[in-house]
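Please read the following notes with the sequence and the model open side by side.

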Amino acid sequence: IADAITMELPPRAPKPTSLTGQLESLVTIWTASDGKSTMGVWECEPGTFTAHRDGYDETAIIVTGSATVTGDDGVVVEVGPGSILATPNQWKGTWVVHETVRKIYNIMYL
């Protein structure tokens, strides 16, 4: 990724798990030949949404924005530019996006 901060993303669409009507956008920039890993850029506007990692692990680098990520296990993480966030298979939780978040993600399917 030459510049994940300024790269143009597709038009935003409704985020299916949003509790507050957020919009999101993403672009896949690489997929492994065996289909077991993908990398891309994702962006989501302020609000609250739930997440569940079912059948995959995700590692992300936050490049812009800020959010509070709370796992159903009670672990709370504040993320912002430069943060690395790992959410393993079966992780469940809630994101509260304070400022539009853009992340580079890598998903590894199990």
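1. Leucine 26 has tryptophan 42 in strand 3 as its bridge partner, in a predicted model where local features need pLDDT of at least 70, side-chain atom pairs count only at pLDDT 80 or more, and totals for chains, interfaces and linings use all residues. Residues are numbered from 1 along each chain as its sequence is written, and side-chain values use heavy atoms, with hydrogens and water left out. Strand 2 and strand 3 (residues 37-44) are paired in the antiparallel sense over 7 bridges, where pairing requires that DSSP finds at least two bridges between two strands. Strands here are DSSP runs of E with at least two residues, helices are runs of H or I with at least four residues, and both are numbered from the N terminus.

2. The hairpin formed by strand 2 and strand 3 has 5 residues between the strands, and glycine 35 in this hairpin adopts a positive phi near 75°.

3. Which strands pair with strand 8? Strand 3 is joined to strand 8 (residues 92-109) by 8 bridges in an antiparallel arrangement, and within this pairing glycine 40 is opposite tyrosine 105. Strand 4 (residues 47-52) also pairs with strand 8 in the antiparallel sense, over 6 bridges, and there the bridge partner of glycine 47 is valine 97. Strand 5 pairs with strand 8 over 14 bridges, again antiparallel, and threonine 68 stands opposite valine 96.

4. Is valine 69 buried or exposed? Valine 69 lies in strand 5 (residues 56-71) and is buried, because its relative accessible area is 3%, where buried means under 20%, exposed over 50% and partly exposed in between, with a 1.4 Å probe and protein chains only. Leaving aside residues up to four places away in sequence, valine 69 touches Val75, Val76, Val77, Val79, Leu85, Trp91, Thr94 and Trp95, a contact being heavy atoms within 4.5 Å. Glycine 82, by comparison, is 13 residues from valine 69 in sequence and 15 Å from it in space, C-alpha to C-alpha.

5. Most residues other than glycine have a negative phi. Glutamine 90 is located in the loop between strand 7 (84-87) and strand 8, and it is partly exposed, with a relative accessible area of 44%.

6. Taken as a whole, the protein chain has 0 helices and 8 strands. The radius of gyration is 13 Å, which agrees with the value near 13 Å for a compact globule of 110 residues; this radius is taken over C-alpha atoms, and the globule rule is 2.2 Å times the number of residues to the power 0.38. Along the principal axes, the C-alpha trace spans about 35 × 30 × 25 Å.

7. Of the 110 residues, 44% count as buried. Among contacts between residues at least 6 apart in sequence, 66% join residues at least 24 apart.
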